[in-house]
Amino acid sequence: MSRPFWMWGAEMGVNEHGVAIGNEAVFTREKYADKGLTGMDLLRLALERSRTAKEALEWITGLLEEYVQGGNCSYFGKMFYHNSFIIADPREAWVLETVGKHWVAERVKDVRTISNALSIGEKWDLSSDGLEEYMKQRNCGKSFKDCFSDRVYTWVSKGRERQQYTQKQLENNLGKIDFFLVARIMRSHSPEPYDPSSGSNRDICMHAGGFTRPSQTASSMIALLFEDAPLVFAPGTSLPCISMYKPVFVNAGLPDLGPKPASAYDGGQSVWWRHEMLARKLVYNYTRYAPRIASELQSLERDYYEKALEAREGYLQGKIDAEALKKLTAEAFERASTIEEKYIGEIDKGRSFNVPYMLYWRKTDKKANI
């Protein structure tokens, strides 16, 4: 699973039964609880207890109705929201969207994506008891997303635009969706060629850049949900566009990747902060170096994608054991780090004439002791 270093719950994860869940913050008109189970708590609790996507859905909605969702979800300052989830196993998938103790769920018929916006309208397959009566009392129509969305925060976050973009990309490629297409979508910016100083909240691979864009993609994951031995590709780093998706075998687990990252730069001891130093050096030099870095890492990624599928097959046939799988994961991380360290030593940090952008990154680096 992948989680913020300071939280117990997870933003995304896969368990040994091939159940995968991803979480998104959604902004609603309902009051947020000061204390409660975060969406990330709900996600981890469901992953620990479920053998199917439907079971995970039932765990989350049961906990949601018995307890309160809420609590501060920001390390710096305060941030409150409600949650949506995309839940899948090798046989079926669901989208679950929540507002307080109310919820709706849609069974995925073909392809489906979510982002930082409610997306279920007037049609759903399951819902919390009393939801339609509550919507009538509010006199807000029959559309779940129109009834409950906070228009200002939803508009600023551009979650609706991101969801529509990713959904369209999958719909346009039905029958051709594979790991490489999904990785390309995860790395996409608008427009290309890209300069992070002029990026926006519409980017899928989002780069932070100031007051209206204070967040960036801190982690990502692509899961192949096989019936046996699920295979996850995780960078363990921020910014997919300059990261390598490394194979992680659920049946084998992670090798020793050094200390867990915390809020401040640790001299590059952790995988995440070592890569983050590269990302910070590219803040002002992205257009010059990023294409070369991406080319090298993605070439390595293609090699390890093939090696991972071959190793998984060998594991299922009893030709290799879990330790061999873990060794392959360690090797992929080590080789990616070698490329990153090469460019960290080569890149001159540079400067920007975009003053708000420059001031934002000076302040952010100072917080991280960089």
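Predicted model: local features only at pLDDT ≥ 70, side-chain atom pairs only at ≥ 80, totals over all residues.

Me: In the open sheet of 6 strands, which strands stand at the edges?

Reply: Helices (H or I, at least four residues) and strands (E, at least two) are DSSP runs, numbered from the N terminus. Two strands pair if DSSP finds at least two bridges between them. Here the order is β1-β2-β3-β4-β5-β6, with antiparallel pairing. Each edge strand has a single partner strand, so one side of each is left without a neighbour in the sheet, and these strands are β1 and β6 (126-127).

Me: Which residue of β3 is the bridge partner of alanine 20?

Reply: β2 and β3 pair in the antiparallel sense over 7 bridges. In β3, the partner of alanine 20 is alanine 88.

Me: What angle does the direction of α1 make with that of β2?

Reply: Contact means heavy atoms within 4.5 Å. Angles run from 0 to 180 degrees between N-to-C directions, and axes are lines fitted to C-alpha atoms, for helices over the stretch in contact. Helix α1 packs on the sheet and touches β1, β2 and β3; the angle between its direction and that of β2 is about 165 degrees.

Me: How many residues of helix α1 are buried?

Reply: Buried means under 20% relative accessible area, exposed over 50%, and partly exposed in between (1.4 Å probe, protein chains only). The cover over the buried residues of α1 includes β1 (12-14), β2 (20-26), α2 (53-66) and β3 (82-88). Among those buried residues are Met40, Leu43 and Leu47. Helix α1 (residues 39-49) is mostly covered, and its buried count is 9 of 11 residues.

Me: Which cysteine forms a disulfide with cysteine 140?

Reply: A disulfide is a pair of cysteine sulfur atoms within 2.5 Å. The count by this rule is 1 disulfide. Its two sulfur atoms are 1.7 Å apart, and the partner of cysteine 140 is cysteine 147.

Me: Is that disulfide of cysteine 140 and cysteine 147 left-handed or right-handed?

Reply: Cysteine 140 is buried at 17% relative accessible area, and cysteine 147 is buried at 0%. The torsion about their S-S bond is about -60 degrees, so the disulfide is left-handed.

Me: In the open sheet of 3 strands, which residue of β8 is the bridge partner of isoleucine 222?

Reply: This sheet has the order β7-β8-β9, with antiparallel pairing. β7 and β8 (residues 231-234) pair over 3 bridges. The partner of isoleucine 222 in β8 is phenylalanine 233.

Me: How far apart are the axes of α8 and α10?

Reply: The contact is made by residues including Val271 and Leu278 of α8 and Phe333 and Ile344 of α10. Helix α8 (residues 271-281) and helix α10 (residues 322-346) pack at an angle of about 35 degrees, and the distance between their axes is 10 Å.

Note on methods: Residues numbered from 1 in each chain as written. Heavy atoms only, no water.
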